[in-house]
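Hi everyone, thanks for coming. Let's have a look at the structure together, and then I'll walk you through a few parts of it.

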Amino acid sequence: MLDTLGTSLKDALRKLAGKTVIDRAAVDELGRDLQRALLQADVNVKLVLRLSQTIKKRALEEEPPKGMGVREHVLRIVYQELVNLVGEAAPVDLSPQVILMAGLQGSGKTTTTAKLARYFQRKGLRVGVICADTFRPGAFDQLQTLCAKINVPCYGDRHVKDAITLVKKGLELFTQMEVVLIDTQGRHALEAELIDEIIQISNIAQAKHRWLVIDAALGQQASGQARRFHEAIGIDGVLVTKMDGTAKGGGALSAVAETKSGIVFIGNGETIEDLERFEPGSYISRLLGMGDLKMLAERAEEVIKPEEVDVNAILRGRFTLRDMYKQLEALNKMGPLRQLMSMLPMGGMEIPQDAFDVTSTKMARYKVIMDSMTEGELDDPSVISSSRIHRIARGAGAAPEEVKELLKYHRMMQQALKGMRGSKFNLQRLMKRFGKAQ
Amino acid sequence: MFDSLKNRIKTVQEKLSINIQAAALTSPPSLDEGKGKQGKIRLTEKVRTLVRDRELILSEKDIAEPLAELELVLLENDVAFPTTEAIISTLRGELTGKRRRIGSSIDTLVVESLRSALRGVLGSGFDITTYLRTHEKPVKILFTGVNGTGKTTSIAKIAYFLRNKGFSVVIASGDTYRAGAQEQLSTLAQRVETKVIQHQPGADPTAVIFDAVQYANAHHTDVVLADTAGRFHNRANLMNQLEKIKRVIKPDLIIYVDEAVAGNDAVIRAEEFNRLVGTDAIMLTKADMDMKGGAAISIAHTIGKPIAFLGTGQAYEDLKPFSPDVLVGEILGEA
């Protein structure tokens, strides 16, 4: 997800490792590397310059706390400044409210609207969705289909060409609803008529929130677009979409800085459940490649019972077949493995791409195979001999090769997790400190 | 279009010129007596050579500052990092070390260097009508790209464009995944009066496109435009699906669609798409959004494929065939 930015930053920080005294040259170099990393992540150029200056200044002027190495000291400053920049998550409360969605064409407003409807629905609220996109063909069909899947009423009319009328009617229709989401047509800041239209919609809807949807891949445009949307309707929250790609979402940082708001949610997948509450600490931790245990735990709490995934055991390096089984079971609820893994602290290590390329059907097969194993085998896969493989294969109705493949996959995961534990001891300690600092 | 990039490049251009001029003033006039050719020229000529056609050698130091600024300008305009570095190093190579004649042509010198650096990364253009005329019908064109870049809209625009050029077109509605995609495409196609081949939602996209090709064969249609669902390049399964389409359909052209407002990620995904399924030409959408032109430069540079079209608005006629000369001209303020 945000790993590329993490990697470049880590490169920058690695150069400070082992240094005992902060010298200007090293900090200058870090400043340059940091600039590079952030620019590559599409953070606004001016923001980057300001940020790297502040970091440089603080790194040179502030005394590192006793017992803290230079590298950790600087890392802490980098972290704090980035947290400052990204701000707190914009608030979401569960009171009755109208939310207006705005954004550029193709940024993912409609998909995100449906995800939000699902979010509020899961919180136990009555949700209604209004489709005010009268321009894009298929927009209403898209929203309607998505809403029908989760049984949320969706109002729209293909024959009405006036978005304002639609919003008025929709609001009347949904007076009984606690949360009303208004999806609008994609527009950009130079389309004066459309900007006018959204100002009118905003006035009529008296929306409690006006959220700007930003594509994670959006480049230096983000600042300007966000500023103009902000001038028009007063943006009070940013939603970052498509974070499941390789884009680093630096544009969102620029948008947040421009609108003085915060990121509300992060969209990270194609299904309706792929919406994650934004958390500044974890966003930055992930940015720095330090992973985030807090978020993993939170998320796990929401969808599964805590005992189902024993994160601590995994981190201790005891990753048995049983853990893998639990992980596979939780998979549907928790999203793909990649997502899960990106939340674990895995500092500088590389997870082999193959580990992620296991398809969901294969995952299901693996579960069946593991169902044919004994308790002992699940706890300690090393006892599985070739005759046991044959027994397991027969029991599961699978080929012995499949069993071997499963074992190989497990070994690969185990290896990856081991690497994580060894190298990242310091970072974990550091993270705890960050936890206190917040 | 490209205004911001254009204006900023102008500033840098001026700075470069000033620095070069300064270098010319401080460097001792390179007296040309040594050159036998000029030794025989009359005195007046000689004076003119000295005053106007003096030569100088630029050192890296002379241009370091404006180049650093140019680097920032390019980055600010969404030119990806590796591309920016490529342009800067070409420019540095062109400007330094060599003996330069100086005089009336400082500006030309800078502009020419910039032009060749930009032309170098942009590559040649792509003329689709010539391609269609010289290839066996039906020409099968497959559209690829990540989610939300505007593939479906672009297909309608290209259908409209090609029909106006006198080609017959059939569209395959290969996005069977996204809700509303089929409705969107069929409405658009209806408006530009083009036949669409569709299946049920969730159907195999390969089958849809295959049917469209069959239709084209039976009706002697010139072009098949095949839409696909948006997908991220890091999803192995979805990329495999695209690979299957390619294997079965054997498209003549694969057009990769991305948005002009994308930042550094544009390069990563263009590269991945090119690596996994191949790309023959590029279509850049949303170029009307106050675009900075950077994505165009970086994508073309990274995968070395030409840009065929720019999408410049919400109407069907908002499609511009792309020409690198025009882009470079516009950026350098000549268009």
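Let me start with one word: a residue is buried if 20 or more other C-beta atoms lie within 10 Å of its own. Please also keep in mind that this is a predicted model.

With that word in hand, look at chain A. Of its 438 residues, 48% are buried. Chain A has 21 helices and eight strands. If you take the contacts in chain A between residues at least 6 apart in sequence, 75% of them join residues at least 24 apart.

Let's zoom in on one residue. Is A:L253 buried or exposed? A:L253 counts as buried, because 30 C-beta neighbours lie inside 10 Å. A:L253 sits in helix 10 of chain A, which runs over residues 250-259. Once we set aside the neighbours within four places in sequence, A:L253 is in contact with A:V43, A:L47, A:L85 and A:V86.

Now, how do the two chains meet? In total, 37 residues of chain A are in contact with 38 residues of chain B. On the chain A side, helix 2 (24-40), helix 6 (139-149) and helix 9 (221-233) each supply at least two residues. Helix 6 of chain A gives the most, with five residues. By class, the side of chain A that touches chain B has twelve nonpolar, 17 polar and eight charged residues.

Let's move over to chain B, which is divided into domain 1 (3-122) and domain 2 (128-331). How many residues does each domain bring to the contact between them? Domain 1 of chain B brings 17 residues, and domain 2 of chain B brings 18 residues. On the domain 1 side, the elements giving two or more residues are helix 1 (3-26), helix 5 (81-95) and helix 6 (106-122) of chain B. The largest share, five residues, comes from helix 6 of chain B. Sorted by class, that side of domain 1 of chain B has ten nonpolar, three polar and four charged residues.

Which residues of helix 5 of chain B are buried? They are B:T83, B:T84, B:I87, B:L91 and B:L95. These residues cover an arc of only 105 degrees around the axis, so they lie on the same side of helix 5 of chain B. Here is a handy rule: an α-helix has 3.6 residues a turn, so residues three or four places apart point the same way. On the other side of helix 5 of chain B, B:S89 and B:G93 are exposed.

My last stop is helix 10 of chain B. The buried residues here are B:P205, B:T206, B:V208, B:I209, B:A212, B:V213 and B:A216. They cover an arc of only 165 degrees around the axis, which puts them on the same side of helix 10 of chain B. What covers them includes strand 3 (139-144), strand 4 (169-172), strand 5 (195-197), strand 6 (223-226) and helix 11 (236-249) of chain B. On the other side of helix 10 of chain B, B:Q214, B:N217 and B:A218 are exposed. After helix 10 of chain B comes B:H220, whose phi is positive, near 50 degrees.

Conventions
Residues numbered from 1 in each chain as written. Chains lettered and ligands numbered in written order. Predicted model: local features only at pLDDT ≥ 70, side-chain atom pairs only at ≥ 80, totals over all residues. Domains from an automatic or database assignment. Contact = placed C-beta atoms within 7 Å. Helix = DSSP H or I, 4+ residues; strand = E, 2+ residues; numbered from the N terminus. Nonpolar A, V, L, I, M, F, W, Y, C, P; charged D, E, K, R; others polar. Buried ≥ 20, exposed ≤ 12 C-beta atoms within 10 Å, placed from the backbone. Arc of directions from axis to C-beta.
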